[in-house]
Amino acid sequence: MNKKIPVYLLSGFLGSGKTTLLKRLIQFEKEEGRTPAVLMNEAGKVSIDSEEMDKDIPLAELLDGCICCTIQDKLESQLQQLLFNGGFDTLIIETTGVAHPVEVVDSVLSPLFADKFDFKGIITTVDALQWEKRDQLSIQALQLLREQIKFAGLILLNKTDLISENRIPYILNEIQSISSSKILLTQQAKIDQETLKQLTIKDQSGASKVRVNQELDLSVVVYTFSNKIDRAAFEEWMRDQSSYVYRMKGFIPFKDEYYPTLVQYSYGMPLFFEQDIKMTPNFVVIGENLDKVQIENGLRALEN
Ligand SMILES: Nc1nc2c(ncn2[C@@H]2O[C@H](COP(=O)(O)OP(=O)(O)OP(=O)(O)O)[C@@H](O)[C@H]2O)c(=O)[nH]1
């Protein structure tokens with residue numbers, strides 16, 4: 001009989017560290033001589049994270065939507081396709097930061113895959129700084145954040161470098177009131193393989209099924225730059241964005257750089273990473289109640 005393929009599901013709000021964790025899990029798998037496959041989806045038509053992935057791992061992507069609602073059928077067919085192509089020992093699914101993890105679990109546990117997949121559980125990353133500022137989120141976004149914690153079999157309280165140490169016991173208390181699962185304090189989603197083995201599966205009943213674009217009025221703007229832009233003007237534009245912009249990421253063609261620079265922004269914190277290969281200059285902005293036209297015009301103005 002064929003051995004079932006272990007499946008890990010990575011959940012967590014926008015920008016909380018899922019991709020950072022994904023890269024670690026891929027590393028673990030490789031160290032054990034196993035080949036991981038990755039299924040990623042992004043709330044936008046272009047994928048920024050997958051461009052950063054190694055080219056030698058099987059990768060399936062679901063773009064333009066969220067695994068949890070609009071394209072659940074597509075998720076099942078992607079899973080079937082991955083199985084058909086084969087060549088991997090473990091599957092890691094990274095959901096979008098606005099996916100309800102339980103809905104994704106439903107697909108993985110579908111009878112279609114009962115003899116193929118061994119579901120290991122959900123790992124949720126929580127951005128410690130965002131948790132502290134969670135009163136700035138809409139009620140729906142906050143509910144989703146809580147559910148991502150509630151159904152996790154392992155919780156990483158990540159980005160602890162961004163908060164004061166004496167706040168940690170309070171935050172742990174707050175999270176423990178939502179979930180009894182193990183909570184790890186992490187920076188850059190640093191965990192070890194042993195901890196991963198403690199991952200458990202939580203009872204999935206009672207999920208509220210907050211759905212993107214139904215209760216959560218989330219919008220995504222994807223912009224492709226045609227010209228190089230001034231870095232200072234771009235930084236100023238970023239600072240001017242409303243607090244309802246949760247996440248921005250993409251490759252920005254700055255005038256002072258040869259190749260587009262990777263920009264990662266979550267909750268008021270921009271980070272810049274110079275690249276040594278040319279990436280397509282796509283930029284994704286995710287938030288609630290965004291004025292898409294204004295954002296596009298603002299970005300276009302930077303090109304002139
Ligand atoms: N300061 C700090 N930054 C971190 C930490 N972990 C991750 N980051 C950074 O936070 C940003 C977002 O991390 P990602 O791993 O891309 O987050 P994500 O959850 O995959 O984001 P989405 O896919 O947009 O939902 C990146 O720039 C990371 O380098 C941490 O512990 N501390």
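Of the 304 residues of the chain, 39% count as buried in this predicted model. The fold comprises nine helices and 12 strands.

The pLDDT averages 82 over the chain, and 81% of the residues score at least 70. Residues 63-70 fall below 50, yet this stretch has 30 contacts in the model beyond near neighbours in sequence.

Strand β9 covers residues 245-252. Eight of its eight residues are buried, so β9 is largely enclosed by the rest of the structure. β9 pairs with strand β10, residues 261-266, in the antiparallel sense. Six bridges join β9 and β10. Methionine 248 has tyrosine 265 in β10 as its bridge partner. β9 also runs antiparallel to strand β12, residues 282-288. Five bridges link β9 to β12. Here lysine 249 stands opposite valine 284 of β12. In a regular strand, side chains alternate between the two faces of the sheet.

Serine 226 lies in a loop. This loop connects β8 (218-224) to α8 (231-239). Serine 226 has 8 other C-beta atoms within 10 Å; a residue with 12 or fewer counts as exposed, so serine 226 is exposed. Proline 253 is 27 residues from serine 226 in sequence. In space, the C-alpha atoms of serine 226 and proline 253 are 8.7 Å apart.

Note on methods: Residues numbered from 1 in each chain as written. Predicted model: local features only at pLDDT ≥ 70, side-chain atom pairs only at ≥ 80, totals over all residues. Helix = DSSP H or I, 4+ residues; strand = E, 2+ residues; numbered from the N terminus. Buried ≥ 20, exposed ≤ 12 C-beta atoms within 10 Å, placed from the backbone. pLDDT = per-residue confidence, 0-100. Contact = placed C-beta atoms within 7 Å. Pairing = 2+ DSSP bridges.
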